[in-house]
Amino acid sequence: MNKSKVLLVLAVIGLITAYFVFDLGRYASLDYVKTQQAALTNYYQAQPWQAAAIFFAVYVAVTGLSLPGAAILTLAAGALFGIVKGVIIVSFASTIGATLAFLVARFILRDSIQAKFGDKLKSFNDGVTKDGAFYLFTLRLVPAFPFFLINVVMGLTPMRTWTFFWVSQVGMFLGTVVFVNAGTQLAEITSLKGILSPGLIGAFVLLGIFPIIAKKIIDGIKARKVYAPWADKKPAHFDRNVVVIGAGSAGLVTSYIAAAVKAQVTLVERHKMGGDCLNTGCVPSKALIRSAKLLNHISRAKEFGIESATAKWDFADVMERVTRVVGEIEPHDSVERYTGLGVDCVSGSAKIVSPWEVEINKTDGGTQRLTTKNIVIATGARPFVPPIPGLAEINPLTSDNVWNIRKLPKRLVVLGGGPIGCELTQCFARFGSQVTQVEMAPRIMIREDAEVSTMVKRKFESEGVAVLVNHKAKQVVVENGEKFLVVEHDGADKRIAFDEILCAVGRVANLTGFGLEELGIPAQRVVETNEYLETIYPNIFAVGDVAGPYQFTHTAAHMAWYAAVNALFGKFKKFKVDYSVVPWATFTDPEVARVGLNEQEAKEKGIAFDVHVYGIDDLDRAIADGEAHGFVKVITPKGSDKILGATIVGEHAGDSLVEFVAAMKHGFGLEGILSTIHTYPTMGEANKFAAGIYKRSTATAGKLAVGKALNDWTRGEGSFGALLGAIVALGVKPDNTPAYPKTGH
């Protein structure tokens with residue numbers, strides 16, 4: 001806390017303390033005001049401006065310091081100044097005082113609270129930014145809510161000061177009028193209960209909820225407006241509760257949930273059940289990675305005490321195994337399984353022809369038109385092939401079609417340094433391709449911290465990959481049957497010869513061909529949705545890769561729950577999709593797994609943080625497995641064990657990350673991980689040791705001096721005075737010097 005904050009805190013504490021020590025509250029009691037009414041009235045008549053100014057200043061001070069007595073002062077204003085002048089004085093004094101309380105809370109508390117609880121407050125902050133004035137106005141209309149508490153809480157939010165001021169001025173006006181008017185009859189008032197009668201409180205509550213009702217009405221009007229062109233298309237009865245377009249992860253989970261609650265649901269897929277993850281993404285890539293890793297282990301036989309080992313293999317057989325693995329998992333996502341669960345599965349292309357109708361051109365040539373209460377768009381995404389001259393003409397490989405090849409490319413160029421590009425780069429290099437990875441950014445895996453990128457890049461290069469960062473692909477040329485990629489680096493062009501080129505520069509959402517354009521649903525990079533996954537039509541939802549913001553199978557399944565529940569039960573209760581804790585992993589060797597913030601993101605957001613790093617080269621199990629490399633890095637707020645994010649680089653990083661995901665989701669920190677028993681010897685112990693790094697960082701030299709003095713005294717080898725001296729020294733001059741190194745056991 002800086003000096004100005006300390007001074008302000010001391011000043012506020014001093015004023016509040018004085019209020020209670022000198023019993024200043026007696027001057028703001030109903031009995032005192034009634035007994036002194038005549039004297040106060042005489043003073044006001046003799047010195048009207050001075051009396052008004054003093055009253056105004058006192059009122060501002062009481063509300064600014066959140067002291068009790070504002071209600072009595074408001075009554076006094078009516079008794080002294082009358083209804084008109086009293087309302088004017090109190091209205092402005094109360095708003096200015098409330099704004100001062102708002103600013104004090106903001107200056108003293110907001111930064112620390114937002115830093116500590118920012119992730120949990122994100123949705124609240126977003127709501128305040130979007131609708132804060134509306135909700136503040138609603139609260140101000142109901143005097144039953146403690147106004148001082150509203151002032152403090154709003155000071156912790158991103159609400160603008162001017163917005164707080166004018167909304168408070170308007171919102172508190174009616175309550176001010178009621179109290180000031182009551183004060184004009186002060187002699188007849190025996191308690192505040194007489195003013196705030198149940199009937200009056202009920203009237204204010206109704207007034208307070210009116211804006212909420214009005215907002216619902218406005219939302220209904222907006223919905224009616226967007227549906228207006230289709231009003232004559234709305235059926236009286238519906239064939240289905242939900243029609244889901246796309247049978248990838250998002251579509252499958254949406255359908256599963258709908259069927260589980262006995263809704264009538266149709267799932268339409270024009271290609272293969274299971275979508276990209278099963279057929280061209282997660283499953284085949286992990287099968288390929290496993291085969292490549294086996295070959296790598298065989299090449300490392302001598303490290304494991306085996307003199308030599310070789311493998312006889314054929315790339316075509318490897319790819320056939322990949323196909324078999326997909327086939328073994330396929331029944332999990334099959335038509336037969338989902339039909340058994342109660343889902344009507346239809347093979348064909350779906351098109352939304354109205355907000356309540358879907359037309360299906362079936363694969364067998366038939367046509368079906370279904371009416372439905374809700375529609376869920378889960379059409380996924382596809383690999384992006386950049387518009388590089390000459391690239392499309394050579395039929396590049398992508399993550400969609402690479403699984404069809406049966407001959408290992410001798411020379412392979414991989415465009416892209418993201419997760420897909422990195423995984424396939426290493427796979428093909430381990431099978432024996434001469435791989436060149438081209439990335440236009442300064443490093444591969446640009447979303448991760450720099451040392452993560454460096455570690456993976458060095459591993460690639462040790463396995464023979466040419467990693468070219470800061471290289472921009474410009475053109476593909478074919479000369480005498482030889483293919484070349486022209487790249488630019490440092491202003492100069494150079495050519496890279498290749499046999500095959502693999503595009504792994506990202507994925508684009510599938511946005512066309514199923515009716516978005518005809519219905520006017522906004523879709524640029526993704527289908528635009530609100531926090532409930534609704535499009536501009538409240539009964540049409542988008543979920544998974546087609547909606548973003550993450551293109552992961554597990555986030556698609558996560559979003560699907562919200563889409564299904566909001567579609568079926570949103571009339572009664574809606575749920576905002578929660579992206580607060582999203583993990584992901586890149587399955588290179590070493591694996592890279594992350595949840596929450598990493599170091600570079602924390603810096604970009606201006607968050608004050610500590611870093612706790614444990615080197616896995618020190619871990620017993622990693623040493624035993626011959627995989628003693630990588631690290632666990634945890635980001636926490638300054639002086640706290642709360643986990644803002646964790647990155648793990650090493651063997652089975654994706655599996656080990658789960659503990660941090662659970663900690664962030666359920667609110668326990670590094671202390672909780674440290675106090676949990678971890679099986680020995682496992683890779684998961686690295687998480688506990690990372691928590692130990694945090695714990696050791698809290699043991700400062702000053703604290704250890706106190707511990708030493710205490711232990712010396714209990715052994716009879718030190719004096720009690722020395723112990724007291726160590727404690728006093730710690731209190732007078734805090735010592736934040738770490739007593740242990742940041743890494744290691």
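User: Over the ring of which residue does the charged end of Arg495 sit?

Analyst: This is a predicted model. In it, the charged end of Arg495 sits over the ring of Phe484, 5.3 Å from the ring centre. Another such case is Lys574, which lies over the face of Tyr532, at 5.3 Å from the centre of that ring.

User: How many aromatic pairs does a search of the whole structure find, and how is a pair described?

Analyst: A pair of aromatic rings is described by the distance of the centres and the angle of the planes. The search finds 17 aromatic pairs. One of them, Tyr550 and Phe552, is stacked, with 6.0 Å centre to centre and 25° between the planes.

User: Is Phe552 buried or exposed?

Analyst: Buried means under 20% relative accessible area, and Phe552 has 19%, so Phe552 is buried. Tyr550, at 21%, counts as partly exposed.

User: What kind of pair do Trp561 and Phe575 form?

Analyst: Planes over 60 degrees apart count as edge-to-face. The planes of Trp561 and Phe575 are at 65°, with ring centres 5.4 Å apart, so this pair is edge-to-face. The pair links distant parts of the chain, 14 residues apart: Trp561 is in helix α18, and Phe575 is in the loop between α18 and β16. Trp561 is partly exposed at 36% relative accessibility, and Phe575 is partly exposed at 31%.

User: Which residues form one aromatic cluster with Tyr44?

Analyst: Phe55, Tyr59 and Phe81 form the cluster with Tyr44.

User: Where is Phe92 placed?

Analyst: Phe92 is in helix α5, residues 70-140. Phe92 belongs to a nonpolar surface patch that also includes Ile88 and Ile96; the patch has about 570 Å² of accessible area together. Phe92 itself is partly exposed, at 41%.

Notes
Residues are numbered from 1 along each chain as its sequence is written. This is a predicted model: local features need pLDDT of at least 70, side-chain atom pairs count only at pLDDT 80 or more; totals for chains, interfaces and linings use all residues. Side-chain values use heavy atoms; hydrogens and water are left out. Patches are made of residues with over 30% relative accessible area and no salt bridge: like charges are joined within 9 Å, nonpolar side chains (Val, Leu, Ile, Met, Phe, Trp, Tyr) within 5 Å. Accessible areas come from the Shrake-Rupley method with a 1.4 Å probe; for residues, only the protein chains shown count as cover. A salt bridge is a side-chain nitrogen of Lys or Arg within 4 Å of a carboxyl oxygen of Asp or Glu. Helices (H or I, at least four residues) and strands (E, at least two) are DSSP runs, numbered from the N terminus. Buried means under 20% relative accessible area, exposed over 50%, partly exposed in between (1.4 Å probe, protein chains only). Rings of Phe, Tyr and Trp (its six-membered ring) pair if their centres lie within 6.5 Å; planes under 30 degrees apart count as stacked, over 60 as edge-to-face and the rest as tilted. A charge sits over a ring if NZ of Lys or CZ of Arg is within 6 Å of the ring centre and within 35 degrees of the ring normal.
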